[in-house]
Amino acid sequence: WLEAQRLPFFIVANKIDQVKPAKREAQQKKIARALGMIASGIAWVSATEGTGMGPLRRHVDQLLAGRNDGATPRESSKMEGRYEIGLLEKDDEDQA
């Protein structure tokens with residue numbers, strides 16, 4: 001429905017800390033494939049550990065500020081530099 005309406009959205013997968021690091025990439029690909037996407041088009045986060053929360057907040061801020069073209073994650077994940085959140089690393093902001 002969101003794609004049909006051309007409304008911006010993106011997928012956030014929480015609890016990435018619950019997947020063993022050795023199995024994360026395979027699990028991410030499996031989930032992305034089931035959604036018809038590529039893994040880099042999904043925000044992989046851990047609210048508990050803070051992994052990816054800083055970049056996710058910045059991305060949401062950009063969406064709320066209207067700094068997007070309305071492209072869906074499936075379309076924009078193929079475009080360089082857009083919605084390419086992927087497996088996000090814990091940044092300095094998250095450690096505070």
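How many residues does helix α2 have, and how far does helix α2 reach from its first C-alpha to its last? Helix α2 covers residues 53–64, which makes twelve residues, and it reaches 16 Å, close to the 16 Å expected at 1.5 Å a residue. The expected span of a helix is 1.5 Å times one less than its number of residues.

Before we go on, a word on what you are looking at. This is a predicted model, in which local features need pLDDT of at least 70, side-chain atom pairs count only at pLDDT 80 or more, and totals for chains, interfaces and linings use all residues. Residues are numbered from 1 along each chain as its sequence is written, and side-chain values use heavy atoms, with hydrogens and water left out.

Let us start with the overall plan. The chain holds four helices and two strands, and from the N terminus on they follow the order β-α-β-α-α-α. Helices (H or I, at least four residues) and strands (E, at least two) are DSSP runs, numbered from the N terminus. Of the 96 residues in the chain, 36% are buried. Here buried means under 20% relative accessible area, exposed means over 50%, and partly exposed lies in between (1.4 Å probe, protein chains only). Among contacts between residues at least 6 apart in sequence, 72% join residues at least 24 apart; a contact means heavy atoms within 4.5 Å. The chain exposes about 6,300 Å², with carbon and sulfur atoms supplying 51% of it. Accessible areas come from the Shrake-Rupley method with a 1.4 Å probe, and for residues only the protein chains shown count as cover.

The mean pLDDT of the chain is 75, and 69% of its residues reach 70 or more. Among the elements, α1 has the highest mean pLDDT, 93, while helix α4 (residues 92–95) has the lowest, 39. Over residues 71–96 the pLDDT is below 50, and this stretch has 75 contacts in the model beyond near neighbours in sequence.

W1, L2 and L7 form a nonpolar patch on the surface, with about 340 Å² of accessible area together. Patches are made of residues with over 30% relative accessible area and no salt bridge; like charges are joined within 9 Å, and nonpolar side chains (Val, Leu, Ile, Met, Phe, Trp, Tyr) within 5 Å. L2 sits in the segment before β1 and is partly exposed, with a relative accessible area of 35%. R6 also lies in the segment before β1, a strand that covers residues 11–13. Phi of R6 is near 60 degrees, a positive value in a residue other than glycine, and R6 counts as partly exposed at 43% relative accessibility.

Next comes α1, with 14 residues, which reaches 20 Å from its first C-alpha to its last, close to the 20 Å expected at 1.5 Å a residue. Its buried residues are R24, Q28 and A32, and they pack against β2 (42–44). R24 has a relative accessible area of 18%, so it counts as buried. Leaving aside neighbours within four places in sequence, R24 is in contact with I16, D17 and V19. R24 and W44 are 20 residues apart in sequence and 9.9 Å apart in space, C-alpha to C-alpha.

E25 and K29 are four residues apart in helix α1 (residues 21–34), so about one helical turn separates them. An α-helix has 3.6 residues a turn, so residues three or four places apart point the same way. K29 counts as partly exposed, at 43% relative accessibility. After α1 comes G36, whose phi is positive, near 70 degrees.

That brings us back to α2. Its buried residues are M53, G54, L56, H59 and L63. Just after α2, G66 takes a positive phi of about 80 degrees.

Key: A salt bridge is a side-chain nitrogen of Lys or Arg within 4 Å of a carboxyl oxygen of Asp or Glu. pLDDT is the predictor's confidence in each residue, from 0 to 100.
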